[in-house]
Amino acid sequence: MLRIPGMPFLPGTTFRDVSASSSLISMFVQYYEYIGVYLYVCTRYYVCILSCQMSRTNFPKPQSLMNFQGISMLNDRKPPAMVDSGGMCIDINCPPTATPSLYPPKTGPKLPPWIAYDKKVLGFDAFFKETLHEVYNAPYQVRKVKIMYYLEDGTMQIIEPKVDNSGIPQGCLVHRQRIPKPPPCQNEFVSILDLNVDTSIQIFDRTYYITNCDIFTRHFLNRSGIAVPDPVDMPVDPTTEMRKRSGKKAHNQPPKKHSLAQFLAFDRQVLKFLGYWDDRSEFGDVRKLEVCYYLADDTIDIKEIFPRNSGREGPSLFLKRGKLPREFNGLPLPGQETPQTLLNVLGTSMRNVRFTIDPLNMGEKEVLYYTDRDLQIGTVLNVYGRAVVLTDCDDYTQGYYRKRYGIENFTPAPTPSRGDDCAPTKQKERILPPYNGWGSYEDSEGNCISVEPKPPQTDFKKFIKLDRYVLRFGAKLLSTIRENCERIFIISYYLSDDTIQIFEIAERNSGFLGGEFMKRTRIPLPGQEKFTSRRPQYYQPYNLYIGATISLKDHIFHIVSADEYTLIYMEHHPYEFPMADIKSVMAKISEAAKADYKGFLCQCLPEGVESNKDVQFIGFDSLKRALINLLGDKITNHEIITVCRYFSAEKAPPQSCNRETVRAAVHLELKRSLWNAMDELKEHLHHINPLNKPFLSEAKLRSTMKGCRLPFVPELIDDLLSVLNHNDCGEVEVCDFLNFIDMECGKVPDIAPMNINFELCPKIPFLHKGRLVNITCFLQHLGLDEDAKPKEDEVV
């Protein structure tokens, strides 16, 4: 044995020889005298420990982990207890339960219970009765719970499902734990054998009745050899039945109205009725009233409608706004109606009076007020003793009752009237003295109507709309003097104020100077009486057309021509000028050509041509001759010109516009205005053209140039779009437009400023439209078929 000399034999010393135990004990006895009683006790303790370990030669560390059937787990298994040889043999690998199993001994699952039965729970439906003493006619209440039994450790949990507005705390009634059995078996815990359908179990002084279980629980218990009965019905809960009965009663009551919700829903919505109050007494009358019902707060106010010259003045308020009661039995006496009811009054004098206020206010009388349901045409309202009859309502009120109550009949009720009421009379037209020839008719009317006459007012809207719109016609003078018939005049009609001005074109060696023949003035139609009190009728634009004969201040003119602007304006306004309406003219020709379509067709075609398929164009004179032979005096020269211009085969020559010149003018305008928003222009084009189409319409490009504030006048925009590249559909190429605008893409020489309206692209009007007529289009538009027309012998 190895030890340090002179040192006591302390714990931790290693001994190689087992036989040295006796010498070790003797050594400790020798040192007893030196260390006292305390050391003696410690020595005896270590001696006992060493005596137990003397026979062991290896001291391994105990294993706490193990691998059992491929599962890593804690090695906390205890060896089986010693049992009697004649007793039952229990497999340590099976779950701790005394339930008989379907498996033979030692053939069941070999897994531990916390793995074999992990997340497997038995669920039971149960209830318990709780006594009640504060609820009338309900001795108890039935509370439904859910009992869950966890197979992995034999614990239980009881949960009560939460019900809204139940008034009792619900949720987890018993937390998860092992439940002990009631006495006298309080040393045991509740197991699977104690839980089954149609049984009762006591848990912590409360008895639960199990009525049903889920499918998994039923199958598990059946496999374990436990028979599960059929489900049992839950008993009826008296408190639930009372709530149902009280809910039915409350449902039959009318719904309560919230004043704020009603105000927000129907604010500024008013039902208006017309009515009357028949007050035809000795000095009374029929009062016409206007009844307004406010849906926001169910109030009513009534206003009186005063007829003209009735002699009544002052405010027209008949009833102040407020709720109108249905019944009125006279004004109450002072103190008859009080806001609160007094139950008892005690005391003999006024100073010692004591009273008790009724909290339920049983003496209050219920007052019924008029609502929108009570208001209909023909209803009689009791307005504090006055009978007001409703006779009519406005459109909004009709729509409200039609939508909410389904009422469709809103026939106004008759309103009575007094026998001495004057019948409404129309104001007679004022007869003015006849015109005396001084000034104009308007000035004479002003002198007769007012002592301080005012100048006649013109139609300002018409002046602003049609200012500088002038129709010009060429005319000749009809006279018995031969020289006058050769004179040529220009008649100008100003649309802004319906005035006419006449100029004469001077000719050499004619003997007439020319110039202004008649000043600008309004000219009345001929054949009217001059000295009368009525205003005369003046010449209107539709009275002037090609072929018309007009009399202007004792001069007779025959209109023979019109300029291009006048013809275009009249064709664009066919509703004002019937002679330029192509639809009415073609309808007149079609109606007249039905009788002899073949003859009309022969007159239209040139000589030697039998069918219109051989020819496509004819001259103006051929069509004019055919139309005059067909209609005679029923068609005018202006109508013939309208037809020829509409079916004209002549096309205007293309405008001579130089691309480089236009681009130079565009760049000049951009430089003068210091425009540099090219990026914004591209962004705008990308916004309106997200698919990056190569072509866009002219309308979109016009709006783009206006939106991006390009400094171009409308005439320059027209010239710009005319020189850009177009596709077959008339759309403009976007890339060409951007390159045309970009001043960095190909510079152009500078040009001097010019008049863009006339000098950049000269616009010469096309004056030869209608000389050549497309007869094919004319006949197709006429809508007559040669084969479908009656023959000459069939025409009556």
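In this report, a residue is called buried when its relative accessible area is under 20%, exposed when it is over 50%, and partly exposed in between, with a 1.4 Å probe and protein chains only. The structure is a predicted model, in which local features need pLDDT of at least 70 and side-chain atom pairs count only at pLDDT 80 or more, while totals for chains, interfaces and linings use all residues. Residues are numbered from 1 along each chain as its sequence is written, and side-chain values use heavy atoms, with hydrogens and water left out.

**Residues in loops and a helix**

Helices (H or I, at least four residues) and strands (E, at least two) are DSSP runs, numbered from the N terminus. By these terms Gly 378 belongs to the loop between strand S14 (354-357) and strand S15 (380-383), and because its relative accessibility is 43%, Gly 378 counts as partly exposed. Glu 483, by contrast, is part of helix H10 (residues 482-485), and with a relative accessible area of 47% Glu 483 is likewise partly exposed.

The loop between helix H6 (259-266) and strand S9 (270-278) holds Arg 268, and Gln 269 lies in the loop between H6 and S9 as well. Arg 268 is exposed, with a relative accessible area of 77%, whereas Gln 269 is partly exposed at 24%.

The table lists pairs of residues that are separated along the chain, with the distance between their C-alpha atoms.

| Pair | Separation along the chain | C-alpha distance |
|---|---|---|
| Gln 269 and Tyr 294 | 25 residues | 6.4 Å |
| Glu 483 and Ser 510 | 27 residues | 8.1 Å |
| Arg 268 and Ala 296 | 28 residues | 7.1 Å |
| Gly 378 and Thr 411 | 33 residues | 9.6 Å |

**Backbone angles**

Most residues other than glycine have a negative phi, and most peptide bonds are trans. Arg 268, which is not a glycine, has a positive phi near 60°. Leu 674 also has a positive phi, of about 55°, although it is not a glycine; Leu 674 sits in the loop between helix H16 (659-672) and helix H17 (678-688) and, at 70% relative accessibility, counts as exposed. A cis peptide bond, with omega about 10°, joins Pro 183 and Pro 184, and Pro 184 is placed in the loop between strand S6 (171-177) and strand S7 (199-202).

**A pair of helices**

The axes of H16 and helix H19 (residues 714-723) come within 10 Å and cross at roughly 135°, where axes are lines fitted to C-alpha atoms, for helices over the stretch in contact, and angles run from 0 to 180 degrees between N-to-C directions. H16 and H19 are therefore oblique to each other, since angles under 35 degrees count as roughly parallel, over 145 as roughly antiparallel, 65 to 115 as roughly perpendicular and the rest as oblique.

**The second largest pocket**

A pocket is an open set of points on a 1 Å grid over the protein atoms alone, where a 1.4 Å probe fits, with protein on both sides within 12 Å along at least five of seven lines, and lining residues have an atom within 4 Å of a point. The second largest pocket holds about 790 Å³ of space, a volume being the space filled by probe spheres set on the points. Of the 21 residues that line the second largest pocket, Pro 332, Glu 337, Lys 365, Glu 366 and Val 367 are the closest to its centre.
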